[in-house]
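Work through the exercises below with the sequence and the structure side by side, and try each task before you read its solution.

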Amino acid sequence: MPKPVTEELNQRNASLDNRLRPSSFGDFIGQEKVRERLLLSVEAARQRGDPLDHVLLSGPPGLGKTTLCYILGEAMGVQVKVTSGPIIDKPADLAGLLTSLNRGDVLFIDEIHRMQRTVEEYLYSAMEDFVIDIMIDQGANARSIRLELPRFTLVGATTRAGLISAPLRSRFGIAARLNYYVAEELERIVHRSARLLDVGIDADGSLEIARRSRGTPRIANNLLRRVRDYAQVRADNHITRDVADKALTMLDIDAAGLDEMDKRILETIIVKFNGGPVGLGSLAVSVGEESDTIEEVYEPYLIQEGYLKRTQKGRVATPLAWQTLGLDFPASAQGELGL
């Protein structure tokens, strides 16, 4: 029976992501301070013959947290086992993962802040003492069994570092936050990815894609694939600045990197709520998007670029947002922004 089209597309996209993902610190572009600290920790651990200390990586989606985990495993010469916080819903699930590890192996838990607290508490002894206590039976027959674990490395990734409990955070020996990339770093990433995808691109073309990628490598690679399709059909498989501009304009991504949802959020705040303030729940209902997605995916970039401001009363559009939509900033809105 043939595979569904959606399944084939998902497998193809996953294969492309693996091709574009750097496999060593030498290939990893950007995040210089984080890369230097991790590389130093790896070298020190290898010289001592010890497993790497536990690592907590935080930052917005698409900046390279998963990639860095695989690079750490490659640098240490160990296996990486990947899971996600929300799917570990029972202590037995966690125990099964931990007991399957070998000495030095890396256990990567994505979105670790979404792990249930009852499961999280079992991590404390596992990370600190490399043991885990499992309860057998219930009631009068209940008893605890202590399982010895090999010394392993836990790498946790989170987009919401503030939601991680203090006891869990304190058990990570290495904590690093990944920040948005500048256009020059993204241009190097786009150029490298274009070479791996076997598509011609010049410096201006890669910079144009980088400028519209919201400071995020994952978005840069996604846009590159869409521009590649355009270039393949209409530009002899070569990406110039003009080709990139036409392709991205067709995708409703403007010169500032704002996509359709970004502009819908700003337009909703300005038109429906007179520039704000508006609560996150009301905003989510108005634009037809989940509040978590707005808060984690769209808001960080809009706030960092100066289009949006959070206040105690809610979200407020800045003068730059009004200007971007071609509207005059009213004097009545200045008080909400503290101007």
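**Exercise 1.** Work out how the lining of the second largest pocket divides into nonpolar, polar and charged residues, and find which helix gives the largest share of that lining.

*Solution.* Begin with the classes: Ala, Val, Leu, Ile, Met, Phe, Trp, Tyr, Cys and Pro count as nonpolar, Asp, Glu, Lys and Arg as charged, and the others, Gly among them, as polar. Sorted in this way, the lining holds five nonpolar, three polar and five charged residues. Next, turn to the helices, which are DSSP runs of H or I with at least four residues, numbered from the N terminus; α13 supplies the largest share, five residues. Lastly, consider the space itself, whose volume is about 280 Å³. Of its 13 lining residues, T159, R177, E295, P300 and R310 are the closest to its centre.

A pocket here is an open set of points on a 1 Å grid over the protein atoms alone, where a 1.4 Å probe fits, with protein on both sides within 12 Å along at least five of seven lines, and lining residues have an atom within 4 Å of a point. Grid points are joined across faces, edges and corners, and a volume is the space filled by probe spheres set on the points. The model is predicted, so that local features need pLDDT of at least 70 and side-chain atom pairs count only at pLDDT 80 or more, while totals for chains, interfaces and linings use all residues. Residues are numbered from 1 along each chain as its sequence is written, and side-chain values use heavy atoms, with hydrogens and water left out.

**Exercise 2.** Which helix gives the most to the lining of the largest pocket?

*Solution.* First list the helices that each supply at least two lining residues: α1 (5-20), α3 (65-76), α7 (183-196), α9 and α13 (291-304). Among these, α9 gives the most, with five residues. The pocket holds about 650 Å³ of space, and of the 28 residues that line it, R21, G62, G64, T67 and R218 are the closest to its centre.
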